Amino acid sequence: NEILYAATSSGVFTFDTSNEELNPRNFEDWVELITTEFIALDVLGDIVYGATGNEIYELSSGGLSLQKDVGATIVKLSNDGTNLVVSTEDNVYVYEIVSFTIVDSLDVSSVTSHAFDIVKTVLLNDTYYIATSEYGILTSEKSNKVTFEEIHPNGPSSNSVFRVTIS
């Protein structure tokens, strides 16, 4: 797909990267697709999905098509290459996109060892990678959704800039 999508407070805009005469830094070269404000976008195959509030829409040049009301505020959308992964603050839902039915879910509100809010979830090789504000990245296997492991880099403990002076 050679189209970039941008969700803004004015709506969703597209940019054709295959047209070398266009400049992505020039707002005039972006095309308004829809005027609805979305908090999350994801492209799965040739289909663009947008989330606003509790609802997931399919976006097209013809307009919006409501796919699902998940019953909780959506924070992010992603996909595993086949299914749409929907993150709310307390749950992750994996939707099969043809019938838009749940094929898997993860309820983090029932976890007593960690209290956290989901920022985004990526599902890769049957492992949930959950970005949180409180713990960084947590992982949980699809086969064992009650156990979470914290992932920490082997890098610096802080990104704060400092300076050493020699006197």
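Here's a quick briefing on the fold, cores and ring pairs of this predicted model. The protein chain has zero helices and 15 strands, where helices (H or I, at least four residues) and strands (E, at least two) are DSSP runs numbered from the N terminus. Residues are numbered from 1 along each chain as its sequence is written, and side-chain values use heavy atoms, with hydrogens and water left out. Since we're looking at a prediction, local features need pLDDT of at least 70 and side-chain atom pairs count only at pLDDT 80 or more, while totals for chains, interfaces and linings use all residues.

**Overall picture**
- The C-alpha atoms fill a box of roughly 60 × 50 × 25 Å along the principal axes.
- Of the 167 residues, 32% count as buried; buried means under 20% relative accessible area, exposed over 50%, and partly exposed in between (1.4 Å probe, protein chains only).
- Take the contacts (heavy atoms within 4.5 Å) between residues at least 6 apart in sequence: 32% of them join residues at least 24 apart.
- On charge, there are 7 positive and 25 negative ones, with mean positions 7 Å apart; Lys and Arg count as positive, Asp and Glu as negative, and His and the chain ends are not counted. Each charge is placed at NZ of Lys, CZ of Arg, CG of Asp or CD of Glu.

**Nonpolar cores**
- A nonpolar core here is a set of buried Ala, Val, Leu, Ile, Met, Phe, Trp, Tyr and Cys residues joined through side-chain atoms within 4.5 Å.
- The largest one has 13 residues, and Tyr-49, Ile-56 and Leu-84 are among those with the most contacts inside it.
- Elements giving two or more residues to this core include strand 5 (47-52), strand 8 (74-79) and strand 9 (83-88).
- A second, separate core has 12 residues, including Val-85, Val-92, Ile-118 and Leu-138.

**Thr-88**
- Thr-88 sits in strand 9 and counts as buried because its relative accessibility is 1%.

**Aromatic rings**
- The whole structure holds eight aromatic pairs: rings of Phe, Tyr and Trp (its six-membered ring) pair if their centres lie within 6.5 Å, with planes under 30 degrees apart stacked, over 60 edge-to-face and the rest tilted.
- Phe-38 and Tyr-57 make an edge-to-face pair, because their ring centres are 6.1 Å apart and their planes meet at 70°.
- Phe-38 is in the loop between strand 3 (31-34) and strand 4, and Tyr-57 is in strand 6, 19 residues apart; both are buried.
- Ring pairs also join Tyr-49, Tyr-93, Tyr-95 and Phe-100 into a cluster.
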